[in-house]
Amino acid sequence: MTSSLVLVSWLVLVLQVVADDEHDIKLHPPRVVVKHGDPVSVNCTTSIDCVWMYWEYNNCAAKLHASREAETHGVNCTTSIITLRCMEDTHGNNFITLRVNIRDYCANYSCHVIPKGKPECKKDLSVTVYKPPDNVSVSSVNSTDPMVEGSQYQLKCEIQNIAPVQNLTVKWYKGDTLVYEDRDYVIEDGKSDREKAPVSVSSILLITPSRADDGAEYSCEAELDLGPKGPQPLLAVKSEPLRITVHCEYCLSAL
């Protein structure tokens, strides 16, 4: 019984030490929002008296000794070229810098510190990789020109290869007026709404035009809201407008 209590107490102490050390690891910035293929630079700083510091990419370690400046290119099992520098700042803290062009939508980076006489600890970097759509277009699904007033029609917005889909809102416009915001769009190829890689989506707008709508222009817009660290103003790509022609039902039947 006594030995069990000692073991539990030891585990609690170890976990507390690791937790305390994690608070002594600072990432600057702690979160990055980056366009696919663009470079990022993140400093990992610690006041811990450590033996090693290194950045880890998707569980692939690239280790450099914390007491000397070094540089490496083409780290094994990464799809990006990583540059790591290890040195001491003016306050006596150890730091290591991650410089990388991010081309992996599911990339995970973490800064690891191996203290003297203590368990290894780490701090994860929050990474969001985005990509503007290749194309945004709008078309009429079930109609031939002209449309008939009072009948219902479907307009379809197609957005090709956008990421991340979780942050996408599809906006529909009639002229310059916003008429509908869609977060319940269809993701093509049966992909998940948690997909991080680019996906293609479609959105449907139902309209019942009147004669006053003859010549009206409809367009749709793909908008990515990536938070305060993302592009400001919000990244938005709009389709070319679709101009509709509307005839009265009596006029067509009289022809």
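Predicted model: local features only at pLDDT ≥ 70, side-chain atom pairs only at ≥ 80, totals over all residues.
**Exercise 1. Describe the salt bridge between R211 and E149, its setting in the chain and the accessibility of each partner.**

*Solution.* Side chains of opposite charge can pair when their charged atoms come close. Here the side chains of R211 and E149 meet with an N to O distance of 3.4 Å, and this bridge is one of the 8 salt bridges that the structure holds. R211 is found in the loop between β16 and β17 (217–224), whereas E149 is found in the loop between β11 (147–148) and β12 (153–162), so that the pair links distant parts of the chain, 62 residues apart. R211 is exposed, with a relative accessible area of 54%, while E149 is partly exposed at 22%.

**Exercise 2. Which residue meets D49 in a salt bridge, and how does G117 lie relative to D49?**

*Solution.* The side chain of D49 meets that of K116 in a salt bridge of 3.6 Å, N to O. D49 sits in the loop between β3 (39–46) and β4, and K116 in the loop between β8 and β9, which puts the partners 67 residues apart in distant parts of the chain. D49 is partly exposed, with a relative accessible area of 49%. G117 also has its place in the loop between β8 and β9 (121–130), and the C-alpha atoms of G117 and D49 are separated by 9.6 Å although the two residues are 68 residues apart along the chain. G117 counts as exposed, at 87% relative accessibility.

**Exercise 3. Why is the pair formed by Y57 and Y109 classed as tilted, and which strands hold its two rings?**

*Solution.* A pair of aromatic rings is described by the distance of the centres and the angle of the planes. The structure holds 1 aromatic pair: the ring centres of Y57 and Y109 are 5.1 Å apart and the ring planes stand at 45°, so the pair is tilted. Because Y57 lies in strand β4 (residues 50–57) and Y109 in strand β8 (residues 109–115), the pair ties together parts that are 52 residues apart in sequence. Both ends can then be checked for accessibility: Y57 is buried at a relative accessible area of 4%, and Y109 is buried at 2%.

**Exercise 4. Which residues make the nonpolar surface patch of about 240 Å², and where does the charged end of K238 sit?**

*Solution.* The patch is made by V141, I204 and L206. L206 belongs to strand β16 (residues 199–207) and is partly exposed, with a relative accessible area of 48%. As for K238, its charged end sits over the ring of Y173, 4.0 Å from the ring centre.

Conventions
Residues numbered from 1 in each chain as written. Heavy atoms only, no water. Phe/Tyr/Trp six-rings, centres within 6.5 Å; stacked < 30°, edge-to-face > 60°. Helix = DSSP H or I, 4+ residues; strand = E, 2+ residues; numbered from the N terminus. Buried < 20%, exposed > 50% of the residue type's maximum accessible area, 1.4 Å probe, protein only. Lys NZ or Arg CZ within 6 Å of the ring centre and 35° of its normal. Patch = residues over 30% accessible without salt bridge, like charges linked within 9 Å, V, L, I, M, F, W, Y side chains within 5 Å. Areas by Shrake-Rupley, 256 points an atom, 1.4 Å probe, with all protein chains shown as cover. Salt bridge = Lys/Arg side-chain N within 4 Å of Asp/Glu carboxyl O.
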